[in-house]
Amino acid sequence: MNFKIFNGNKIKNKNFIKFNSIQNVFWNFVAGVWLALLIILSTPWYIATLGLELYGVLSIWLVFQALMSFFDFGLGATIIREFAGAKSDKDGDFHKQNLLKTTEIFYWSIAVILFFFLIIFSIFFSNYWFTFDISKEINIVYIMLLMSCTLFFQFPNVLYFNGLIGLQNHRLMNMLQISANTLRYGMGSLILFFHNDLVWFFSVQIIIAILQTFITRYFLWKGINYTGIYKPVFNLDLLRISARFSGGMALTSIAAVLISNIDRIVISKVLPVSELGKYAIAFTATGLLQLGIQPFYRAFFPRYSELHSLGDDGKLKNEYFFSNKIIAVIIISLGVVCLFFAEDIFLSWMNISDSTIIKTFRFLILGILCSGLGWLPAAMQQAQGWTSLHVKMIFGSVLIGLPLMIFAIHFFGIIGGTVVWLIHGVSDITLGLWLMHRRILKGELTRWYRTVVLPPILISLPIAYISFLSKPDNLGRFENLIWIIVTGIILILTSFYYTLKKQ
């Protein structure tokens, strides 16, 4: 009798874990879809008002945002792991408050240093880095200075953002993200209607960055029960305790930033800015697939960390395979739709039929799809304090892919920029997974391929192919878009049904 009651509670607890994790993914996915919608609506307007060259400069802002992650030093991931594993009592709150105080001072100090370096770059180097085809005068120095101010206020927000993830308060975190992104893209589009100038654009972005950072900071301190009675102290020993993990995550962050941006950095130097603009269009179009990946990492990395800290290997293994199946359904279904309907996507979205952009988009989708499947295995490694494998895999892809990419760009133009993504993605889900399963989850590699990857591929490919062949040729832009969306929904629902049926 007692055994049955215990077993029933175990089942209920297992279902609660899955519900809570799915709820976190849901909120991350809602924020991701909303951001994708904002990007879809704003990008054609940005290109129409700014032109390809200024849009290429605007894309550098996104690259710089990613490059700022170099200087996170793994502290964001440390905050997530420490907050997720801390006890929910007074001692746990004091630990989180002291840790946040320490990392907060660290972050703002780094932000100040980076700000001065960005100013130096803006004044002395920006005119020598970019190559413009048009004779129109572009005040690149002022643009870069304002961009530097925006990045200064955006950088500390990464800390507060990760703190809310560590608390697993994904609902609040994503509501703040949705509000900030709505202002960022909405006000950005509105200001370009009145002033076709990036100087005005970034002036507005500075105000939005200030609001987002300090509002998120307020809610994070409130979330760790800070009342003002206990005064948090700056304590470097808290960082030294997790220095090894932080160092590994810092290297992971540097490697991830390199592989995510090395293509655009090289293209911005080797080719005219107009070509960077084309590549930026193709890369932006992959955003929906990338936004389908981020919610899962944000939701499950702290969850894996929590279960590992509790020593519950059974629940951790169940959670791992369940989450991997769900992410595979989402991104494989979206990836297959993008591959089959690439031309229709660009015609419906921006009325573009440039074959170079479309080919670049397809290669990017393949690379990002494969690398996306490796995100949760990487999170599993990181949750157990094992950061070296993922770092080595990424750096290996960069070292092998960079010379090949430069060679490919020389002969094939912007299409060659996708080489590093392809090498990274394929190596991650082959060699990377094999090496991972030699150390953790031994004997489960075949199960991963058989239950995680194979089912959505077998379901998605024939349905997408039939839809592609069945699509009438005389559909307008809106009807084309509806056809693509309906196809994607059918693929996801069908794959979900099969996955949940087997779960």
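## Salt bridges

In this predicted model, the side chains of Lys-278 and Asp-354 meet in a salt bridge at 3.7 Å, N to O, a salt bridge being a side-chain nitrogen of Lys or Arg within 4 Å of a carboxyl oxygen of Asp or Glu. The pair links distant parts of the chain, since Lys-278 belongs to helix 11 (residues 273-285) and Asp-354 to the loop between helix 15 (342-350) and helix 16 (355-373), 76 residues apart; helices here are DSSP runs (H or I, at least four residues), numbered from the N terminus. Both partners are partly exposed, Lys-278 at 22% relative accessibility and Asp-354 at 23%, where buried means under 20% relative accessible area, exposed over 50%, and partly exposed in between, with a 1.4 Å probe and protein chains only. Glu-275 joins Lys-278 and Asp-354 in a network of salt bridges.

The structure holds nine salt bridges. Another one of them connects the side chains of Glu-104 and Arg-217, at 2.5 Å from N to O, and this pair also links distant parts of the chain, with Glu-104 in helix 3 (residues 90-124) and Arg-217 in helix 8 (residues 198-223), 113 residues apart. Glu-104 is buried, with a relative accessible area of 6%, whereas Arg-217 is partly exposed at 30%. A further salt bridge brings together the side chains of Arg-447 and Glu-444, at 3.5 Å from N to O; here Arg-447 is partly exposed, with a relative accessible area of 28%, and Glu-444 is buried, with 11%.

## The largest pocket

The largest pocket contains about 1100 Å³ of space. On a 1 Å grid over the protein atoms alone, a pocket is an open set of points where a 1.4 Å probe fits, with protein on both sides within 12 Å along at least five of seven lines, and lining residues have an atom within 4 Å of a point. Grid points are joined across faces, edges and corners, and the volume is the space filled by probe spheres set on the points. Of the 39 residues that line this pocket, Val-33, Ile-40, Leu-288, Leu-334 and Ile-485 are the closest to its centre.

Helix 1 (2-67) supplies the largest share of the lining, 12 residues, and the helices that each supply at least two residues include helix 13 (294-310), helix 14 (313-340) and helix 21 (477-502). By residue type, the lining divides into 33 nonpolar, six polar and no charged residues, where Ala, Val, Leu, Ile, Met, Phe, Trp, Tyr, Cys and Pro count as nonpolar, Asp, Glu, Lys and Arg as charged, and the others, Gly among them, as polar.

Helix 15 is largely enclosed by the rest of the structure, because seven of its nine residues are buried. The buried residues of this helix are Ala-342, Asp-344, Ile-345, Phe-346, Ser-348, Trp-349 and Met-350. Helix 15 is followed by Asn-351, whose phi is positive, near 55 degrees.

Leu-441, in the loop between helix 19 (419-436) and helix 20, also has a positive phi, near 50 degrees, in a residue other than glycine. Most residues other than glycine have a negative phi. The side of the question that concerns solvent is answered by the accessible area, as Leu-441 is buried at 17%.

## Buried positions and cysteines

Ser-460 lies in helix 20 (residues 445-470) and is buried, with a relative accessible area of 0%. Leaving aside residues up to four places away in sequence, Ser-460 touches Ile-332, Ser-333, Val-336, Leu-491 and Ser-495, contact meaning heavy atoms within 4.5 Å. Val-257, in helix 10 (residues 243-270), is buried at 6% relative accessibility; Val-257 and Val-63 are 194 residues apart in sequence, and 8.7 Å apart in space from C-alpha to C-alpha.

Counting as a disulfide any pair of cysteine sulfur atoms within 2.5 Å, the model has zero disulfides. Cys-338 is buried, with a relative accessible area of 13%, and Cys-370 is buried as well, with 18%.

## Basis of the values

Residues are numbered from 1 along each chain as its sequence is written, and side-chain values use heavy atoms, with hydrogens and water left out. Because this is a predicted model, local features need pLDDT of at least 70 and side-chain atom pairs count only at pLDDT 80 or more, while totals for chains, interfaces and linings use all residues.
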